[in-house]
Structures are given as structure tokens and as C-alpha cells.
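Here is a short briefing on one protein model. Keep the structure open while you read.

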Amino acid sequence: MLAKVVPLPWGLGRRWRGSSFDLPSLLILMAVSLASFAMAAETLCEPGFVQEPSPSRRVIPVAASNPETTARAVTIQWLGHSSFLLITVGGTTALTDLHSWHVSPLPPDVVTISNEHSTHNQGRSAPGSARMLRGWAADGKAAEVNVTVGDRSVKSLPSSGGNSIEVPVPNTIFVFRTAGLCIVHLSNLRRPLNDEQRQRLSRPDVLMVPTDGQWTLPYEQVAATIALLRPALVLPMHYDIPEHARLFMQFIKATVPVRTLGDTTLKLTRAALPSTSEVVVFGYREGD
């Protein structure tokens with residue numbers, strides 16, 4: 001049965017001969033399909049673009065944004081294990097995967113919890129009254145995180161993880177965007193990224209990757225992930241003793257240059273990013 005045609009003043013109400021759609025319905029269907037495709041194909045780290053923190057959610061080129069903003073530094077501080085404190089140019093603070101062994105020096109505005117293992121989900125111990133962003137809902141379903149807090153956007157991408165060799169557990173990749181930088185926290189990633197995840201992540205500026213080599217990705221898959229995503233900076237995490245850092249550096253230096261920092265804090269601007277991937281190991285001193 002053909003759909004009823006509602007006459008329109010500009011003559012778009014004619015049915016296509018031999019079709020069950022009239023033209024307005026077809027146009028609506030095409031618009032919905034295109035919108036759905038755009039949402040499905042959304043990349044979380046568009047190269048050279050920054051999302052403006054405003055209700056319009058316009059995406060504008062970094063070159064067209066305020067040069068004073070993109071020239072000022074974003075602070076990244078590794079607290080330990082998978083916990084990082086991220087401070088934007090405007091002073092918005094985010095804390096990732098808080099471990100009870102590590103204390104945040106500042107009260108965060110948001111805390112991201114990628115999985116419910118006790119070494120990642122101690123957000124309630126953070127100072128202040130932060131907004132908790134969990135990657136998984138209580139019913140076991142992936143929670144879609146897409147928020148803007150101050151001058152930072154936070155989005156989530158479900159993935160597989162693990163707290164044992166045998167049993168994968170739900171894991172969430174969190175993506176932070178501010179001041180022209182796209183920072184990706186892989187958390188307890190245990191399996192290689194699939195095609196859709198790689199396409200959505202595109203090319204991060206900063207990639208925080210687990211390098212314990214036992215509970216998460218083996219070193220070979222860490223190297224493959226770096227080669228696929230081509231981040232400017234790689235920040236190792238998810239280890240607790242210097243020996244883990246040494247073993248990873250010995251492996252990865254054959255394919256990616258490695259730099260060590262005695263400090264655990266890095267101030268970063270888009271202009272200061274290296275042109276090719278570089279591994280930066282926080283808090284490491286020879287002889288540790």
C-alpha cells in the first residue's frame with residue numbers, strides 16, 4: 001500500500017513511480033540515515049581539530065581557535081598505576097582510575113572509572129565532591145559518557161579489559177579533549193583494538209597505555225597499537241615498580257624512541273608535540 005501524499009507548495013509531494021515512498025518521506029529517510037552514519041563514524045580524535053566548549057558544540061580548526069589558549073600548557077601528572085591528574089588551561093581537573101595507594105594533590109572536578117577493579121575504582125577517596133564518570137552501568141551495560149566540564153570534553157569508548165589472564169572484564173577507554181589536544185586513556189585494555197575502535201580513536205596526541213605485560217596487552221600488541229594509532233606521546237601506566245618500566249623500555253626502544261623524566265609532571269602544548277611517536281616514562285631515574 002502506497003503512502004499517502006501530502007501536497008506541498010513547491011511540488012515535492014509527488015511519489016516516485018514504482019516506489020512505495022513519496023519524495024518527502026524519502027528525503028527524511030535519507031537525512032536520518034546520514035545522521036546515523038555520521039554518529040557511527042564519529043572520530044574522537046580529529047587531527048588538528050578542537051571541540052569548542054559551548055552549547056553549539058561547533059568543531060573548529062585549532063588554527064582558527066584562540067592562539068593564546070592553544071599556546072598555554074595542559075598539565076599531566078602521573079600519580080601511579082593508571083591514575084593521572086589532568087589540569088586544563090582553564091583549571092578544570094580530571095582524575096583517572098584512582099588507586100587507593102595514590103593521593104590526588106588537588107580536588108578533581110571529574111573522576112573517570114574505566115573498570116570496577118579495586119585498583120581503578122577508588123574515586124570516592126578523591127578529595128572534594130567530584131562528578132563520577134563510570135564506564136559501565138550497574139546493570140553491566142556500557143555507559144555512554146559524553147560530557148563537557150569547563151574547557152574539557154570527556155567521551156567514552158567501550159573495550160575489553162581484564163584483571164586476570166583468563167577472564168576479561170568490561171573496560172572503558174576514556175578520551176579527553178582540551179586546548180587542541182586529544183588525550184586517550186586505554187586503562188586495562190587486554191585485547192587489540194578492533195577496526196571500529198581504531199577508526200573512532202583516529203590519531204591521539206597523547207596515548208596512556210598499560211605496560212605491565214602480564215595482566216593487560218603483551219608488549220608486542222602494545223607496539224602494534226602504537227604503530228596503528230601513531231600518537232605523538234605514549235605514556236606508560238599500569239605498573240607499580242621500576243623493573244616493569246625497565247623491561248618495557250628495553251623492548252619498545254627498538255621501534256619507538258624513549259625519554260625518561262625524573263619528575264611525574266609534564267606541561268604540554270600542541271605546538272610542543274613531537275612529529276613522530278615518542279615514549280615518555282614518568283618518575284624514572286637510572287639506578288631506581
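The points below go from the overall build to single residues.

This is a predicted model. The protein has five helices and 16 strands. Of its 288 residues, 47% are buried. Take contacts between residues at least 6 apart in sequence: 52% of them join residues at least 24 apart.

**The disulfide**

- How many disulfides does the count come to? The count comes to one disulfide.
- Cys45 and Cys182 form this disulfide, and their sulfur atoms are 1.9 Å apart.
- The cut-off for a disulfide is a pair of cysteine sulfur atoms within 2.5 Å.
- The torsion about the S-S bond of Cys45 and Cys182 is about -60 degrees, so the disulfide is left-handed.
- Cys45 lies in the loop between α1 (23-40) and β1 (49-51), while Cys182 lies in strand β11 (residues 181-185). The pair therefore ties together parts that are 137 residues apart in sequence.
- Cys45 is buried, with a relative accessible area of 0%. Cys182 is buried as well, at 4%. Buried means under 20% relative accessible area.

**Two helices in contact**

- Two packed helices are described by the angle between their axes and the distance between the axes.
- Helix α4 covers residues 219-229, and helix α5 covers residues 242-252. Their axes come within 11 Å and cross at roughly 60 degrees.
- α4 and α5 are therefore oblique to each other.
- The crossing of α4 past α5 is right-handed.
- Which residues make the contact? On α4 they are Tyr219, Glu220, Val222, Ala223 and Ile226. On α5 they are His244, Leu247, Phe248, Phe251 and Ile252.
- Sorted by class, the contact of α4 with α5 has eight nonpolar residues, one polar and one charged.

**Positive phi without glycine**

- Ser187 is not a glycine, yet it has a positive phi of about 55 degrees. Look for Ser187 in the loop between β11 and α3 (195-201).
- Is Ser187 buried or exposed? Ser187 has 0% relative accessibility, so it counts as buried.
- His238 is not a glycine either, and its phi is positive at about 60 degrees. His238 lies in the loop between β13 (233-237) and α5.
- At 6% relative accessibility, His238 counts as buried.

**Val149 and its contacts**

- Val149 is found in strand β8. Its relative accessibility is 18%, so Val149 counts as buried.
- What does Val149 touch, leaving out residues up to four places away in sequence? Val149 touches Thr92, Asp109, Val110 and Arg131.
- Thr92 is 57 residues from Val149 along the chain. The C-alpha atoms of Val149 and Thr92 are separated by 7.3 Å.

**Asp151 in its loop**

- Asp151 is found in the loop between β8 (146-149) and β9 (152-160).
- Asp151 is partly exposed, with a relative accessible area of 23%.
- Asp151 and Ala179 are 28 residues apart along the chain, and their C-alpha atoms are separated by 7.9 Å.

Notes: Residues numbered from 1 in each chain as written. Predicted model: local features only at pLDDT ≥ 70, side-chain atom pairs only at ≥ 80, totals over all residues. Heavy atoms only, no water. Axes fitted to C-alpha atoms, helices over the stretch in contact; angles between N-to-C directions. Helix = DSSP H or I, 4+ residues; strand = E, 2+ residues; numbered from the N terminus. Parallel < 35°, antiparallel > 145°, perpendicular 65-115°, else oblique. Left-handed = near helix turned anticlockwise from the far one by under 90°. Contact = heavy atoms within 4.5 Å. Nonpolar A, V, L, I, M, F, W, Y, C, P; charged D, E, K, R; others polar. Buried < 20%, exposed > 50% of the residue type's maximum accessible area, 1.4 Å probe, protein only.
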